[in-house]
Amino acid sequence: MELGRLEYLQALVTEFQVTDSTGNKCRCSLALSVSSVSSHTRLFSLAEAKEQVLANLANFAYDPSNYEYLRQLQVLDLFLDMLTEDNETLVEFAMGGLCNLCLDKTNKDYILEASGVEPIITCLSSSNEETVVSAVTTLMFLTTPRSRAQTTALPVVECMLRFSLSANTRLSNLASIFLQDYCSPLQVEEARNLSKHTAVGIPLPKD
């Protein structure tokens, strides 16, 4: 990666960290993608500015050539921290960024070592479809012989059973793949039996 790219990533991280914490208006000229960077400066609220910067970082996570520098700048930690935010848009972008990053073994190991599975599982209860889809996909990517007990824990399998019955085809197909490829028949049967005896589960995301 050329030095200019690293400097730009550093600028994004710094922009996110120093965004006015008082909630006052702040200036932000960062675009949602590298290809659409504009020279025009728009006035954003605090929340909008943070969303804009996090969207940029999530977009950079698509490119494997950026992985080393995103680790160096602790962007994985930033994404993990954002999963517990009240702002659903920040959660969506952070979850999408992690989904992009975790195909890489080094990133996967880092997320697992950082106890990242638990907050990702929590994202399954989001009302935002994109957040839920990214969370399910990320759990697939994070599943290893070492992490399987956590990524396919009984509450997760029960959740996937419910998702597989959703009218949302995108979500139901993804959940069915999770059940078929990442869970044992015994796990699925146990979760199915549990579902018969409980009325409370992870809610389905809004369409």
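Helix 2 and helix 5 meet through K50, E51, L54, A55 and A58 on the one side and T89, L90, F93, A94, G97 and N100 on the other, where contact means heavy atoms within 4.5 Å, and helices (H or I, at least four residues) are DSSP runs numbered from the N terminus, as are strands (E, at least two). This is a predicted model, in which local features need pLDDT of at least 70 and side-chain atom pairs count only at pLDDT 80 or more, while totals for chains, interfaces and linings use all residues. Residues are numbered from 1 along each chain as its sequence is written, and side-chain values use heavy atoms, with hydrogens and water left out.

**Packing of helices 2 and 5**
- By class, the contact of helix 2 with helix 5 has six nonpolar, three polar and two charged residues, with Ala, Val, Leu, Ile, Met, Phe, Trp, Tyr, Cys and Pro counted as nonpolar, Asp, Glu, Lys and Arg as charged, and the others, Gly among them, as polar.
- Helix 2 (residues 46-60) and helix 5 (residues 88-101) pack at an angle of about 10 degrees, with their axes 9 Å apart.
- Helix 2 is therefore roughly parallel to helix 5, a term that covers angles under 35 degrees.

**Nonpolar core**
- The largest nonpolar core has 56 residues, of which L57, F79 and M160 touch the most other members; such a core is a set of buried Ala, Val, Leu, Ile, Met, Phe, Trp, Tyr and Cys residues joined through side-chain atoms within 4.5 Å.
- Helix 8 (residues 129-142) gives the most to this core, with seven residues.
- When residues up to four places away in sequence are not counted, F79 touches L54, L57, A58, A94, G97, L98 and L101.

**Loop residues with positive phi**
- Q74, in the loop between helix 3 (67-72) and helix 4 (75-82), has a phi near 60 degrees, a positive value in a residue other than glycine.
- Because its relative accessibility is 55%, Q74 counts as exposed, the cut-offs for relative accessible area being under 20% for buried, over 50% for exposed and partly exposed in between (1.4 Å probe, protein chains only).
- S115 lies in the loop between helix 6 (105-113) and helix 7 (117-122), and the phi of S115 is likewise positive, near 60 degrees.
- S115 is exposed, with a relative accessible area of 53%.

**Whole protein**
- The protein holds twelve helices and two strands.
- Of its 207 residues, 45% count as buried.
- Among contacts between residues at least 6 apart in sequence, 65% join residues at least 24 apart.

Methods:
Axes are lines fitted to C-alpha atoms, for helices over the stretch in contact, and angles run from 0 to 180 degrees between N-to-C directions. Angles under 35 degrees count as roughly parallel, over 145 as roughly antiparallel, 65 to 115 as roughly perpendicular and the rest as oblique.
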